[in-house]
Amino acid sequence: MSTEKKSGGNQKAVIAVICLIAVAAVLLAVWRAASPKGTAGGKQITVQVVHGDGSTRDFPLTTQQEYLGPALVEGGVVEDNQSTYGLYILTADGESADEAAQEWWKITKNGEMVNTSADATPIAGGEKYELTFTVGYGEF
C-alpha cells in the first residue's frame with residue numbers, strides 16, 4: 001500500500017513539474033511577443049553624451065541597427081565592452097566611468113530613463129538618446 005502512495009505522489013510531482021514548464025514556456029512566448037522591437041532599415045538617431053564636467057557632444061548616427069547598443073558601438077560613441085549580459089557601457093566619447101567610485105552611464109530617451117539595457121532598447125528614426133555620466137547608484 002505504501003508503494004502505491006509513493007507512486008501516486010511521484011506522479012503528482014511529475015505533473016506539477018510539467019505544468020510549471022508549460023507555464024514558463026507560455027510566459028516566455030508572451031514576453032517575447034510583447035517586448036518592444038526595433039525597426040528594420042536605415043534610420044537616423046541622435047545620441048548626446050553628457051560628460052562628468054557637464055559638457056555635451058552630439059552624435060548624429062545613421063544606422064541599419066534595430067537596437068541602441070549596436071548602433072552606439074557602430075557609431076563610435078561607446079567602446080565595445082561586451083559582458084555576459086550584453087553591452088556594458090564603461091566608456092562613452094572617450095570618458096570612462098570608475099565603478100569603484102559608483103560612476104556609470106545613464107541611458108535616457110528624450111530625457112526619460114529607459115527601462116531596458118542598451119542592447120534591448122529598440123530604436124526608430126528621429127529619436128534622441130542621452131548618455132549621461134552619473135555618480136552614485138541611488139538614481140535608479
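Predicted model: local features only at pLDDT ≥ 70, side-chain atom pairs only at ≥ 80, totals over all residues.
## Strand β1

Strand β1 spans residues 43–50. Six of its eight residues are buried, so by the cut-off of under 20% relative accessible area the strand is mostly covered.

In a regular strand, side chains alternate between the two faces of the sheet.

## Pairing with β2

Strand β2 covers residues 56–63 and pairs with β1 in the antiparallel sense, over eight bridges. Within this pairing, Ile45 stands opposite Leu61 of β2.

The two strands, β1 and β2, form a hairpin, with five residues between them. Gly54 lies in the turn and has a positive phi of about 95°.

## Pairing with β9

β1 also pairs with strand β9, residues 128–135. Here the sense is parallel and the pairing runs over five bridges.

Strands of a sheet pair through backbone hydrogen bonds, in either a parallel or an antiparallel sense.

## The sheet as a whole

β1 belongs to an open sheet of five strands, in the order β2-β1-β9-β7-β8. The pairing in this sheet is mixed.

Why does one side of β2 and of β8 (112–113) lack a neighbour in the sheet? Both strands stand at the edges and each has a single partner strand, so one side of each is left without a neighbour.

Definitions and conventions
Residues numbered from 1 in each chain as written. Heavy atoms only, no water. Buried < 20%, exposed > 50% of the residue type's maximum accessible area, 1.4 Å probe, protein only. Helix = DSSP H or I, 4+ residues; strand = E, 2+ residues; numbered from the N terminus. Pairing = 2+ DSSP bridges.
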